Amino acid sequence: MKRCIVITGGGRGIGRATAIELADVGLPVVINYHSRRDSAEKTMESIKARHGQALMYQADVSDPQEVEKMFNWIKSQNYWPYAL
């Protein structure tokens, strides 16, 4: 499995900037969003345009069951999140 970074709120603001910066240094990024799919897609497109690796996943991180589903999905994509 490849390691990745999960960025919650990765579609805008500090989350977006962090996702792009980490992808620029070669880390695959999973962009988590709750309701703004279009913003998450723009972040993912920016990363891929710069030859980075990015996935996105919709989950409400205040719900433990959704977080568990997200991490299971990430693992099903052959990624393993870093624990920071």
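**Inside the fold**

Guide: The chain averages a pLDDT of 93, and 98% of the residues score at least 70. pLDDT is the predictor's confidence in each residue, from 0 to 100. This is a predicted model, so local features need pLDDT of at least 70 and side-chain atom pairs count only at pLDDT 80 or more, while totals for chains, interfaces and linings use all residues. Residues are numbered from 1 along each chain as its sequence is written, and side-chain values use heavy atoms, with hydrogens and water left out. Among the elements, S3 has the highest mean pLDDT (96), and strand S4 (residues 79-81) the lowest (89). Helices (H or I, at least four residues) and strands (E, at least two) are DSSP runs, numbered from the N terminus.

Start with the core. The largest nonpolar core has 13 residues. Such a core is a set of buried Ala, Val, Leu, Ile, Met, Phe, Trp, Tyr and Cys residues joined through side-chain atoms within 4.5 Å. Buried means under 20% relative accessible area, exposed over 50%, and partly exposed in between (1.4 Å probe, protein chains only). Val29, Ile31, Ile47 and Met56 have the most contacts inside this core.

Which residues does valine 29 contact, beyond its neighbours within four places in sequence? They are Ile5, Ile7, Ala19, Leu22, Ala23, Ile47, Gln53, Ala54 and Leu55. Contact here means heavy atoms within 4.5 Å. There is also a second, separate core, of seven residues. Cys4, Ala59, Ile74 and Tyr79 are among them. In soluble globular proteins, nonpolar side chains tend to be buried together.

Threonine 43 is found in helix H2. Its relative accessible area is 0%, so threonine 43 is buried. Not counting residues up to four places away in sequence, threonine 43 touches Gly10, Gly11, Arg16, Ala19, Ile20 and Ile31. Its side chain also reaches the backbone oxygen of glycine 11, at 3.4 Å. That is a polar contact: a pair of N or O atoms within 3.5 Å; within protein, one must be able to donate a hydrogen and the other to accept it, and residues adjacent in sequence count only if both atoms are side-chain atoms.

With 45% relative accessibility, arginine 37 counts as partly exposed. The side chain of arginine 37 makes a polar contact of 2.8 Å with the side chain of tyrosine 33. Arginine 37 and methionine 56 are 19 residues apart in sequence, yet 8.9 Å apart in space, C-alpha to C-alpha.

Next, the rings. The structure holds one aromatic pair. Rings of Phe, Tyr and Trp (its six-membered ring) pair if their centres lie within 6.5 Å; planes under 30 degrees apart count as stacked, over 60 as edge-to-face and the rest as tilted. Tyrosine 57 and tryptophan 73 have ring centres 5.0 Å apart and planes at 35°, so the pair is tilted. The pair links distant parts of the chain: tyrosine 57 in S3 and tryptophan 73 in helix H3 (residues 64-76), 16 residues apart. Tyrosine 57 counts as buried at 18% relative accessibility. Tryptophan 73, at 25%, counts as partly exposed.

Helix H3 also holds methionine 70. At 1% relative accessibility, methionine 70 counts as buried. Leaving out residues up to four places away in sequence, methionine 70 touches Val6, Asn32, Tyr57, Ala59 and Val61.

Aspartate 63 caps the N-terminal end of H3, with a side-chain oxygen 2.9 Å from the backbone nitrogen of glutamine 65. Just after H3, asparagine 78 takes a positive phi of about 70°. Asparagine 78 sits in the loop between H3 and S4, and counts as partly exposed at 42% relative accessibility.

Histidine 51 also has a positive phi of about 70°, although it is not a glycine. Most residues other than glycine have a negative phi, and most peptide bonds are trans. Histidine 51 lies in the loop between H2 and S3. With a relative accessible area of 74%, histidine 51 is exposed.
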